[in-house]
Amino acid sequence: MTTTMVGLHGVGKTFKGRNADTTALTAIDLVIEEGEFVSLLGPSGCGKSTLLRIIGDLTPPTSGEVTVNGKPPEQARRDRDYGMVFQQATLLDWRKVLKNIALPLEVMNIPPAERERRAREMLDLVELGEFGEHYPWQLSGGMQQRVAIARALALQPSLLLMDEPFGALDEMTRERMQMELMRIWQRTHTTVVFVTHSIPEAVFLSTRVVVMSPRPGTVAGIVDIDLPQPREFETREHPRFFEKLNEVRETLRGAGVD
Amino acid sequence: MIRLRKWGPPTLVFLAVLAAWEAWVRVAGIQGFLLPPPSEVITTLRQEWDVVWAAGFFTLREALGGLIGGTVLGVLAAFAASRWVVIREGVMPFYVAMGAAPIVALAPITNQWFGITNPVSKMTVVAVMVFFPVMINMTRGLGDVGADKLELLRSMAAPEGATLRKVRMPNALPYLFSALKVAVVLSLIGAIVAEYFGGSRDALGVYISQQAGLTRMAEAWSGIVVATVLGAAMQLLIVLAERLLIPWHPSLRG
Amino acid sequence: MAMTAAPVSEVIGSGRPRLRPILGFLIILLSLVGLWEGYKLLSDATGGTIPFTETSLPVRADDRSMPHVTQIIGSLFEPNRRGAEQSLGAFLLAASWVTFKEALVGFAAGGVIGFGLGLLFVRSSLAERGLMPWVVASQTVPLLAIAPMVVLWAGKANMPLWVAVAAIAAFLSFFPVTINTVRGLRSPSPTATELFRSYASTPGQEFVKLRVPAALPYLFTGLKVAAGASVVGTIVGELPSGLPDGLGRQLLTFAYYYLSGPEKLYAAVLFSALLGIVFVSLIALAERLVIPRSRRRPA
């Protein structure tokens, strides 16, 4: 028995322009179940980030119906049902790492002692235990992004929205961060919606990959990734991994994306 | 080593200027009432110490009063301006105009309002001088937050007040400090020059202009020395406060 | 992205919605006039005390301390002195012209010196390290405060006094020009300078084709500050000089004879402010002619 975490029905988004309107998304139907790790994959301009922002109520859709955790997205945002990680870590310069992680807890008026305890717990979860009293600029890009993930998880949300979180990192750091994210996902069982334009990243991380095509942005196909869990370093060398890579590539090509 | 490289050249130049000044005055036989040698200024400063320091502190009080008043009003106005776009945009022409207008010219008016010897008349002039740079910088600081940070707070469903306290205000601190560094110097010079339009006999500006009028140049210059030292001390305090309050800022990262 | 509010930086200075800044300006201007007249009304109503208290208001609001705005404007069209032909407005305009000429000389000298120093600093790091801290320190020395001495020197050296006044203005204007010249000449990115190097361009070419155009917007920022500063310097320099014709003198005179015509002092202060604004606007106008809109730096 599974419950729906995110439901999108006929969702469309049109940006009003000075001369002409741009249709960013049209007729998106997608249901994401609890506990899934779903990647939104596609080339630039396919509206994958816009779709994520609609789920997070950072942008309203122009048509269609959205539910998050069984509620309208605005209600879900107000109830802090999700945590969000952006491409940039977006840490506050003036706060040390621990205080950055505690930010959403402060916003929710959680008492200081409890705040401190949960922030520390999250810091340990992302294995940055000894960096709590550092300022963000004293950390590497990968470490900063781990802090951002810890911050998003601090509220113990049932949903994690990630907008190309590793897009600004180098390839080596990227792969390490992917392993890290898998480990965290295994431990927290949070539902994840993950936007990326990297095919191997989507295949390695996801239980399902939603392939999107541009102009206007729409779902071109969905690929189930039935690779064994937990995903490990060796997963990338698994023959099934390459089969799945190809399957995703074929879907992209079928949609006219090269 | 780094300190030596940083402070070495200016210190040498300073000493060289003092030495050249002293030598030039002595060799060329320049009369003391035109340009006294540094040694004479120092001697005079020691003789006149009580009078000059008292005058310095009188004027310092005016400068500080105006600085604090102008800063508080500027910060409050910045909050209003960051809340209402009409104020933010409408105030820009005034800012440009006040930047161009000689605000010290207000001194004769405030002298009439509060009395020529009343420190409040100079404080008012200084406050007007300080108000605009503080307000404009603070408004920028509250506004230039970056869409990404605002979006983050929105994703946390943070109320407007929390965004103000946790993001906008800390973000504005460095902007406020850079305004204050300018304002501190402005406030002391402003108070002295406002006193050139007339003021209490205990005030530094009045002392300097009177001594210069009597061609007692060593006395006048010792007044300038006191003004410079007080100005430098005020600036030093601001720099220290900055180190204490915004150690995270890129310009201060060690 | 399009849905989130534009940051303030985009709103300030962009002037995209043309009407709103003008509206805001008028609202603030009218409320200032309203505050002034309202304060006077309040004082009339309470007999000069803060409402419901016995404490008197901080500033007396009678027509002698705070003339009506209409009185101040009206005084411009009345004779300057009893029986004089010239109106106060024409008189102050003439005084402003005298002050403007002095300020212009100071501004020009300060601008040339400031730009020269900026060039020197960019060229020679030794000069910058040795002199820059003192250029900065020269601004913490109360420059304006030594105005009485400068005037005295000019007198002893048999120089016309207006030269001393212009020198003070120059002293105040060179600094912003220096700082902005240095900033501007250093503003091209390393990739841009490397591009020029990859063309094997001479330092002269790099300077003329890359650094000077990049520095222009900064230079104008500095010049605008300098123009305002030169007016301040001139007026303050005029105070101890005893020069009879400039605005500084009129400020002192009208302050001295305040009781016989308070609105005249207000009018003189107004003209001082306008002189600064007009001077800066002239520089801004030149900027418009020289630099296309997109490259101008906000005020």
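I take a residue as buried if 20 or more other C-beta atoms lie within 10 Å of its own, as exposed if 12 or fewer do, and as partly exposed in between, with the C-beta atoms placed from the backbone. Helices (H or I, at least four residues) and strands (E, at least two) are DSSP runs, numbered from the N terminus.

I note that this is a predicted model, in which local features need pLDDT of at least 70 and side-chain atom pairs count only at pLDDT 80 or more, while totals for chains, interfaces and linings use all residues. Residues are numbered from 1 along each chain as its sequence is written, and chains are lettered from A and ligands numbered from 1 in the order in which they are written.

**Entry 1: helix 7 of chain B**

I began with helix 7 of chain B, where I found B:Lys149, B:Glu151, B:Leu152, B:Leu153 and B:Ser155 buried. Against what do the buried residues of helix 7 of chain B pack? They pack against helix 2 (73–78) and strand 5 of chain A, together with helix 8 of chain B. Just after this helix, I saw that B:Ala157 has a positive phi of about 55 degrees.

**Entry 2: where chain B touches chain A**

I count two residues as in contact if their C-beta atoms, placed from the backbone, lie within 7 Å. The contact draws 18 residues from chain A and 16 residues from chain B. On the chain B side, helix 7 (147–155) and helix 8 (160–195) each supply at least two residues, and the largest share, six residues, comes from helix 7 of chain B. I sorted residues by type, with Ala, Val, Leu, Ile, Met, Phe, Trp, Tyr, Cys and Pro as nonpolar, Asp, Glu, Lys and Arg as charged, and the others, Gly among them, as polar. By that sorting, the side of chain B that touches chain A holds nine nonpolar, one polar and six charged residues.

**Entry 3: where chain B touches chain C**

I then turned to the contact with chain C, which takes 57 residues from chain B and 52 residues from chain C. Several helices of chain B each supply at least two residues to this side, among them helix 1 (2–27), helix 6 (119–143) and helix 10 (217–245). Which helix of chain B gives the largest share of the side that touches chain C? Helix 4 of chain B does, with 14 residues. The residues on this side of chain B divide into 39 nonpolar, 13 polar and five charged.

Chain B has 10 helices and zero strands, and its C-alpha atoms fill a box of roughly 75 × 55 × 30 Å along the principal axes. Of its 254 residues, 49% count as buried. Chain C has 11 helices and zero strands, and buried residues make up 39% of its 299 residues. Among contacts in chain C between residues at least 6 apart in sequence, I found that 74% join residues at least 24 apart.

**Entry 4: helix 9 of chain C**

In chain C I looked along helix 9 (residues 203–241), which has 39 residues but whose end C-alpha atoms are only 47 Å apart, short of the 57 Å that a straight helix would reach at 1.5 Å a residue. The expected span is 1.5 Å times one less than the number of residues. A kink of about 40 degrees lies at C:Leu216, shortly before the proline C:Pro217, where the bend is the angle between axes fitted to the seven residues ending at a residue and the seven starting there. Just after helix 9 of chain C, C:Gly242 takes a positive phi of about 75 degrees.

**Entry 5: the sheet of chain A**

Last, I traced an open sheet of six strands in chain A, with mixed pairing and the order 5-6-7-3-8-9; two strands pair if DSSP finds at least two bridges between them. Its edge strands are strand 5 (82–85) and strand 9 (218–224) of chain A, each of which pairs on one side only. Strand 3 of chain A runs parallel to strand 7 of chain A, joined by five bridges, and A:Leu40 has A:Val195 as its bridge partner in strand 7. Four bridges join strand 3 of chain A to strand 8 of chain A, also in the parallel sense. Both faces of strand 3 of chain A are covered, with A:Phe37, A:Ser39 and A:Leu41 buried on one side and A:Val38 and A:Leu40 buried on the other.
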